[in-house]
Each structure stands twice: as structure tokens, then as C-alpha cells.
Amino acid sequence: MKIKQLSIFLENKPGALIAPCSLLAKAGINIQTFSLADTREFGILRFVVKEWEKAQELLLQHGFTVRVTEICAIEVEDRPGGLVSILKVLEKAKVNVEYTYAFTAKYGGKGLILFRFDDVDRAIEALSKAGINVISTSELFKRLTENGN
Amino acid sequence: MKKNNASIPVHTASAMDFLPLSKLQELQLSRLKWTVQRAYDKVALFRDRMDKLGFVPNDLKSIDDIKNLPFTTKTDLRDNYPFGLFASPLEEIVRFHASSGTTGKPIVVAYTKEDIQDWATAILRSFAACGLHAGDIVQNAYGYGLFTGGLGAHYGAEALGAAVIPISGGNTERQIMIMKDFGVTAISCTPSYFVHIIDTAKDLGVDLRQLPLRAGVFGAEPWTEDMRHRIESESGIKAYDIYGLSEIMGPGIAMECVYQAGPHIFEDMFYPEVINPESGEVLPEGSEGELVLTTLCKRAMPMIRYRTRDITALTSQQCRCGRTLRRLKRINRRSDDMMIIRGVNVYPSQIEEALLKVEGTLPHYLIIIDRVKGLDVMEVQVEVTPEVFSDTIGAMEQLQAKISHFIAATVGIRPEVKLVAPKTIKRSEGKAKRVIDKRKL
């Protein structure tokens with residue numbers, strides 16, 4: 001139910017983003033989706049790849065500060081209120097959302113949003129009880145493959 | 001893998017460490033008389049200064065009379081560059097060393113054959129004090145060359161009978177390979193370089209705790225007790241503080257014993273005093289002040305009451321090792337390193353202490369001082385380690401605020417804390433450069 005996400009620390013300066021990306025590119029590792037959070041001085045690049053262990057190893061070898069975080073990929077109905085129904089469950093369970101980002105591709109008319117929670121286990125428990133589909137890693141990559149990624 | 005050496009008998013040269021106090025004081029006085037007479041007879045600067053004060057070497061009746069002798073400073077060495085303070089003719093000199101000399105001319109020091117032997121003995125006693133002995137494999141990663149660290153430690157380790165690897169500083173990956181392949185048991189280098197070795201070993205997947213390495217003889221720059229704990233927990237070795245400065249001899253003036261309770265001064269060779277750096281008055285034992293040293297055996301270049309600019313205190317409290325030699329309080333600041341920021345005295349070691357309080361921050365940092373619109377600003381760049389890195393901006397900003405808070409609480413000035421990527425701060429293979437002062441004063 002949990003997806004491994006890699007985060008790396010970047011200084012906020014021209015060219016900082018290209019270094020880790022070209023490293024992954026050269027190793028043939030495809031970034032499925034990513035988000036970049038930034039402050040005036042530094043940024044955090046977060047992304048999901050299939051071969052996360054290989055990517056982590058590679059980035060560490062090249063001197064990046066890497067962190068692995070467990071996040072959730074949640075199926076969201078593509079209609080008004082689709083996101084609200086999920087957020088309501090989380091609010092009730094008192095789980096805090098640290099940040100989110102999404103996959104661009106849809107599957108069966110549904111969107112996929114990645115959530116970073118302060119308490120991932122509690123979030124999964126509450127969402128599952130409410131009948132909301134939290135996608136497993138194997139399911140995620142199966143869908144991405146079917147979508148031609 | 002780590003062997004304990006508590007039961008190893010002391011080296012015969014270490015007998016001098018345990019002289020009965022009365023014997024030691026007797027020896028100090030006779031050697032001081034010899035040194036002062038020699039300095040007076042052979043070095044114009046010392047003779048002129050003593051004459052000016054109306055002091056004649058015969059006035060030395062007790063060791064306390066040393067307080068009537070004039071001080072010598074680093075400026076005196078500069079002013080007499082290169083050979084002006086030599087007490088031996090060139091034919092008797094067998095070695096030169098010189099300071100790195102970041103500004104202007106370097107400081108030159110010289111040694112006779114006997115001086116070199118004495119120095120080797122001082123370092124032999126240093127290595128022996130922390131439990132090293134023949135059979136140990138010593139990786140000497142101090143820089144070889146004009147700097148006293150490399151050759152000083154080399155001769156001392158050889159005199160002890162240890163097997164020395166004269167690897168010098170740099171090429172860290174090779175250092176780690178050799179450390180592993182040769183089964184190195186002790187290393188000598190600057191503490192900041194060893195931290196770099198720890199980091200590099202981690203990157204290479206080498207666990208230093210699994211190697212036979214058990215002791216580090218660290219010196220040539222100020223470091224803190226916290227840094228010692230970090231080095232010891234991350235590498236599984238014992239980290240010992242060795243003290244010295246080229247003007248007096250080089251490393252080996254004082255060294256910690258296995259109890260790590262502050263370096264014991266080899267007082268039969270170097271006489272210590274602690275003074276008030278402003279008034280020059282000798283301070284009672286235990287008071288913190290500037291360390292002043294007088295050589296008791298040196299021939300080529302005797303030093304009388306040399307002001308080291310190192311801030312410390314002396315203690316004669318009995319150490320568990322039984323040495324009669326007094327100990328120095330850990331020197332983690334030099335008056336040389338002092339920065340004056342907005343009128344406040346700040347030492348890099350204080351910044352280091354504050355950084356170490358923030359869990360997981362290894363001391364890779366750089367202090368940049370600048371003056372913006374007439375006001376001093378201090379920026380502290382800190383490398384982000386995996387231990388403190390978080391994927392949320394909130395947590396990272398909290399880290400920044402925490403570091404800034406701890407520094408402000410320690411030094412009284414709130415710095416601009418800048419988090420930087422790993423390995424972006426230049427590593428030093430010798431003495432670490434911690435401060436860049438951009439102010440045009």
C-alpha cells in the first residue's frame with residue numbers, strides 16, 4: 001500500500017536540477033512523476049521511480065543527500081468533490097497531509113494522487129475502511145506500464 | 001577486532017613522564033638556566049631584551065624567576081626572518097621547517113641533530129602515552145614537508161619502533177584502502193581530516209569500526225570534546241589530543257594519556273605558564289589564559305616565554321595514569337582564530353559546539369563574515385547530511401531555525417544559516433579553513 005519515494009536535497013541555483021536527472025537518465029531510470037519544493041535557498045526534489053533502490057544507490061554514490069519516504073498513491077474520482085471525499089476521511093482520522101502531487105495519466109476514468117502523510121499507517125487504515133482505493137506498488141507500476149510509461 | 005592495550009608496559013623513554021616532582025623541578029631549573037644563558041650569549045634579540053630589563057641570566061635563582069624574563073612573540077620570528085633567532089651556527093643545523101605563512105613571509109624554525117632526537121623522543125613519549133608500542137602500524141597522514149606535523153610524527157613513531165606508513169595527507173580513498181589492507185592500528189592527522197576519512201569510508205561502504213584501527217593522534221588545529229565523541233562513536237577508535245606548535249618544536253609538546261583527561265606537557269623539555277593575555281601577568285593554576293612556553297632543551301632555536309596565543313588552563317591535579325606532568329585544559333580556541341563580529345568575540349569552536357548540539361550535524365561548515373551597509377553579518381554554511389535531511393520543507397526550515405538558535409544562544413549573534421549540498425564546502429587535508437572574512441576593514 002505504500003510507495004517508495006526518493007527525495008534529494010538541491011541548492012537553489014541554475015543547473016542544480018539537471019545533475020540528478022541526467023544521472024538517472026544515463027542509467028535508464030524513468031521518472032514516473034516528480035515534484036519540486038523550493039525555498040529561496042534550497043529545494044527538495046521528490047520523485048517516484050520503479051527501480052528506487054538502484055536510483056538511491058546511484059545518487060548516494062554521486063554524493064547526493066537522498067531520503068526514502070513512504071507515501072501513498074490514492075485513486076481519486078475525476079469529478080467535482082472527488083478529492084473532498086478523501087480529505088474528509090483524513091480529517092476525521094486526524095491525519096495531516098504534508099504535501100501531494102499527481103500522476104498525469106488517468107486509469108479507468110480515475111486520477112492518481114500521491115500523498116505524504118504525517119502518519120502513513122493511520123491514513124491507510126482510515127482510507128481503506130472508507131472504501132477508498134490505496135494503490136499498491138505492484139498495481140501502480142502495472143497501471144503505469146499499461147498506460148505506456 | 002579492537003585490541004585493548006591497558007596491560008602493555010610503558011616504554012623506557014616514558015620514565016621521564018613519571019619523575020618525582022622535586023626531581024622534575026630541579027631538572028627544569030638547571031635546564032632553564034642553560035637555555036637562558038645560551039639565548040643571552042648567542043641571540044641578539046634575547047640579549048637586547050634582557051639588557052633592557054636589566055636582567056642577567058645569573059638572576060635566575062628559582063623557576064619562578066622566569067616571570068621576570070621578557071616575552072617572545074610570533075612577530076619577533078617574522079622580524080628576524082629567516083635566520084635571526086638561531087643560537088647555533090649553520091654547520092650544526094640539520095633541518096628547517098616553516099609555517100604555511102598565509103600572510104607575508106613564513107616563520108622559519110631550525111633544528112640541530114640533538115634537537116631532532118629530542119623531538120623524536122617527545123613524540124615517542126606522546127605515542128607511548130596513548131598506549132601505542134612497537135608492533136603498531138601507524139598511518140601518518142599529517143602533511144610531509146615544511147609543516148612540522150608529517151616529519152615530526154614520522155620520526156617519533158619510528159623511534160617508538162612502530163611501523164610507519166608515510167602516506168601524508170590527501171588521496172583519501174587510497175588512505176582507506178591502505179588502512180584496510182595493511183591492518184593499520186593507529187592514525188595521526190588533523191581531526192578535521194579524520195572526519196573526512198570517516199565520511200569517505202561511509203561512501204565507500206567501509207565500516208571503520210570493523211578495522212583493527214584503534215587510536216587516532218589528532219592535533220595541529222583546535223577541536224572540541226563533542227567532536228571527539230563523534231569521531232569515537234563513528235569510527236570505533238580512541239581519539240587523543242596531541243599539542244604542539246612549530247615555534248617551540250612541532251607536535252609532541254603535550255599529549256593525552258589513555259585517560260584522555262587533557263594533554264600532559266612534557267615539562268622536562270618545555271616549561272609552561274598561563275598568563276593574562278592583556279596584562280602579561282602570570283595566572284594561578286586553574287585560571288584560563290594564554291599559554292606561554294619556554295624551551296628547556298632546544299639548541300638551534302631556543303624560545304623564551306613564547307606567547308602561543310592558545311587559550312587554556314594548567315592543572316597539576318594527579319592524573320590516574322600517575323604522570324607527574326601537568327595537564328592542559330583542552331585547547332579549543334586560539335586568540336588567533338578570534339573573530340570580532342559586531343564587537344563580540346566569536347571563536348569558530350563555539351560555532352562548532354552549537355552545530356554539534358543539533359543532532360546529526362557533522363562539523364562540515366564554513367563561516368562567512370561580511371559587512372553590509374556598515375553592519376557585520378555572519379553567514380554559516382552547513383552541509384546537509386542524510387541524518388538531518390527531510391523530504392518536507394517545514395522540517396528543513398525548522399532545522400535551519402534550530403541551528404541559528406543554537407549559534408545565537410552560544411555566541412550572542414544570530415547568523416544567517418545556509419543549508420548547502422553535501423561536499424560543497426572545500427575539504428582540507430591539513431588544517432581546516434573554517435572562516436572567510438570578506439570585510440574590508
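**Two chains, step by step**

Analyst: To begin with one detail, Pro82(B) is found in the loop of chain B between helix H3 (74–79) and strand S1 (93–98). Please note that this is a predicted model.

User: What kind of peptide bond joins Tyr81(B) and Pro82(B)?
Analyst: The bond between Tyr81(B) and Pro82(B) is cis, with omega about -10°. Most peptide bonds are trans.

User: Let us step back. How many helices and strands are there in chain B?
Analyst: Chain B has ten helices and 20 strands. Its radius of gyration is 22 Å, close to the 22 Å that the globule rule gives for 441 residues, so chain B is as compact as a globular protein of that length. Along the principal axes, the C-alpha atoms of chain B fill a box of roughly 75 × 55 × 40 Å.

User: And what share of chain B counts as buried?
Analyst: Of its 441 residues, 46% count as buried. As for contacts in chain B between residues at least 6 apart in sequence, 69% join residues at least 24 apart.

User: Which residues touch the most other members of the largest nonpolar core?
Analyst: That core has 93 residues, and those touching the most other members are Phe127(B), Cys130(B), Ile253(B), Phe270(B) and Leu293(B). Helix H4 (residues 113–129) of chain B gives the most to this core, with eight residues. In soluble globular proteins, nonpolar side chains tend to be buried together.

User: What does Phe127(B) touch?
Analyst: Leaving aside residues up to four places away in sequence, Phe127(B) touches Leu132(B), Gly156(B), Ala157(B), Leu160(B), Ala162(B) and Val217(B). There is also a second, separate core of 54 residues, which includes Leu6(A) and Val49(A) as well as Met339(B) and Met396(B).

User: That one names both chains. How many residues of chain A are in contact with chain B?
Analyst: In chain A, 18 residues are in contact with 15 residues of chain B. Strands S1 (2–11), S3 (42–49), S4 (66–77) and S5 (97–102) of chain A each supply at least two residues of the side that touches chain B. S1(A) gives the most to that side, with four residues. By class, the side of chain A that touches chain B has seven nonpolar, five polar and six charged residues.

User: Now domains. How is chain B divided?
Analyst: Chain B has domain 1 (12–21 + 96–335) and domain 2 (338–437). Their C-alpha centres lie 27 Å apart. The contact takes 19 residues from domain 1 of chain B and 14 residues from domain 2 of chain B.

User: Which elements give two or more residues to the domain 1 side?
Analyst: They are H7 and H8 of chain B. The largest share of that side, four residues, comes from H7(B). The residues of the domain 1 side divide into six nonpolar, nine polar and four charged.

User: Tell me about H7(B), then. How far does it reach?
Analyst: Helix H7 (residues 191–204) of chain B has 14 residues and reaches 20 Å from its first C-alpha to its last, close to the 20 Å expected at 1.5 Å a residue. Its buried residues include Tyr193(B), Phe194(B), Ile197(B) and Ala201(B). The buried residues of H7(B) pack against helix H6 (172–182), strand S5 (186–189), strand S6 (215–218) and helix H8 (225–235) of chain B.

User: What follows H7(B)?
Analyst: Gly205(B) follows H7(B), and its phi is positive, near 75°.

User: Where does Asn171(B) lie, and what is its phi?
Analyst: Asn171(B) lies in the loop between strand S4 (163–165) and H6 of chain B. Its phi is near 50°, a positive value in a residue other than glycine. Most residues other than glycine have a negative phi.

User: Why does Asn171(B) count as partly exposed?
Analyst: Asn171(B) counts as partly exposed because it has 13 C-beta neighbours inside 10 Å, and a residue is buried at 20 or more and exposed at 12 or fewer.

User: Last topic: what domains does chain A have?
Analyst: Chain A has domain 1 (2–69) and domain 2 (71–146). Ten residues of domain 1 of chain A are in contact with 14 residues of domain 2 of chain A. S2(A) gives the most to the side of domain 1 that touches domain 2, with four residues.

Technical notes. Residues numbered from 1 in each chain as written. Chains lettered and ligands numbered in written order. Predicted model: local features only at pLDDT ≥ 70, side-chain atom pairs only at ≥ 80, totals over all residues. Contact = placed C-beta atoms within 7 Å. Nonpolar A, V, L, I, M, F, W, Y, C, P; charged D, E, K, R; others polar. Core = buried A, V, L, I, M, F, W, Y, C linked by C-beta atoms within 7 Å. Domains from an automatic or database assignment. Rg over C-alpha atoms; globule rule 2.2 N^0.38 Å. Expected span 1.5 Å × (residues − 1).
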